[in-house]
Amino acid sequence: MRIKDILSPESMIMDLQATTKDEAINEMADLEVATGIVNNKEKFVESIWAREKESTTGIGGGIAMPHARNEYINKARVLFAKSEKGVDYDSLDQQPVHLFFMITAPAGADNTHLQALAKLSSLLINPDLVEKLKAAKTLTKLSTSSARQKLTRTRKTLNAKPSWPLRRKQKLRQLVTKSH
């Protein structure tokens, strides 16, 4: 699986208006419904919250990766959303979230959402990429930037050593190994 196969310009919010975790989840879910990725917003949002109750998907460093796999999802997709102000998302580091990657997969998609989590996790270790994503002001800039190119490569070797705290690395491992 390649990230570019599930990351689409139609599934990007470059100016997320939400100020709370609930508003952020609902604003992203609205786009998932509008683009035909999700067929039942209420049930989909319930599934996102069920996962959040197990453990926050706010992994720290201003990043959250809410995700679900169920029958209310029509197609695998990664929705990208960016908040200038940041959203209190109950993250591991208690810092506001600026970058959201909402990962969806249909019930029969086996490990598609886990592959997406693993791929995103490996890419987001790169602090330069994270900064480029945070700095992108428009969809066009993100679509043509090296940040977009890095997100859409199938393979990438990360030369920089991770600067993430240990808890964040552990959280990423947990997200990848959970089958939700």
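Predicted model: local features only at pLDDT ≥ 70, side-chain atom pairs only at ≥ 80, totals over all residues.
## Strand pairing and the model

Two strands are said to pair if DSSP finds at least two bridges between them, and it is in this sense that I63 stands opposite L99 in β6.

## The chain as a whole

The chain has seven helices and six strands, and from the N terminus on these elements follow the order β-α-α-β-β-β-β-β-α-α-α-α-α. Of the 180 residues in the chain, 49% are buried. The chain exposes about 8,400 Å², and carbon and sulfur atoms supply 49% of that area.

Among the contacts in the chain with a separation of 6 or more, 73% are accounted for by residues 24 or more positions apart.

## Strand β6 and its partners

Strand β6 covers residues 97-106, and nine of its 10 residues are buried, so this strand is largely enclosed by the rest of the structure. Strand β3, made of residues 63-64, is joined to β6 by two bridges, and the two strands run parallel; here I63 is the residue that stands opposite L99 of β6. Strand β4, made of residues 67-70, also runs parallel to β6 and is joined to it by four bridges, with N70 having P106 as its bridge partner in β6.

Strand β5, which covers residues 77-87, is joined to β6 by seven bridges, and these two strands run antiparallel. In this pairing, V78 has I103 of β6 as its bridge partner. As a general rule, side chains in a regular strand alternate between the two faces of the sheet.

## The loop between β5 and β6

The loop between β5 and β6 contains D90, and Q94 is found in that loop as well. D90 has a positive phi of about 60 degrees although it is not a glycine, and for Q94, which is not a glycine either, phi is again positive at about 60 degrees.

How far is each of these residues exposed? D90 has a relative accessibility of 44% and therefore counts as partly exposed, since that class lies between the limit of under 20% for buried residues and that of over 50% for exposed ones. Q94, with a relative accessible area of 56%, is exposed.

## Helix α1

Helix α1 is formed by residues 21-34, and at 1.5 Å a residue its 14 residues should span 20 Å, which agrees with the 20 Å that separate its end C-alpha atoms. Within α1, the residues K21, A24, I25, M28, A29, L31 and E32 are buried. These residues cover an arc of only 160 degrees around the axis, which puts them on the same side of α1.

Just after α1, G36 takes a positive phi of about 80 degrees.

## Salt bridges

The structure holds three salt bridges. In one of them the side chains of K21 and E52 meet, with a distance of 2.9 Å from N to O; this pair links distant parts of the chain, with K21 in helix α1 and E52 in helix α2, which covers residues 41-54, and the two residues are 31 residues apart. K21 and E52 are both buried. Another salt bridge is formed where the side chains of D30 and K41 meet at 2.6 Å, N to O, and this pair too links distant parts of the chain, with D30 in helix α1 and K41 in helix α2, 11 residues apart. D30 counts as partly exposed at 39% relative accessibility, and K41 counts as partly exposed at 28%.

Which side chains meet in a salt bridge at 2.5 Å, N to O? They are those of K82 and E84. K82 is buried, with a relative accessible area of 2%, whereas E84 is partly exposed, with a relative accessible area of 42%.

How values were computed: Residues numbered from 1 in each chain as written. Heavy atoms only, no water. Expected span 1.5 Å × (residues − 1). Buried < 20%, exposed > 50% of the residue type's maximum accessible area, 1.4 Å probe, protein only. Arc of directions from axis to C-beta. Contact = heavy atoms within 4.5 Å. Areas by Shrake-Rupley, 256 points an atom, 1.4 Å probe, with all protein chains shown as cover. Salt bridge = Lys/Arg side-chain N within 4 Å of Asp/Glu carboxyl O.
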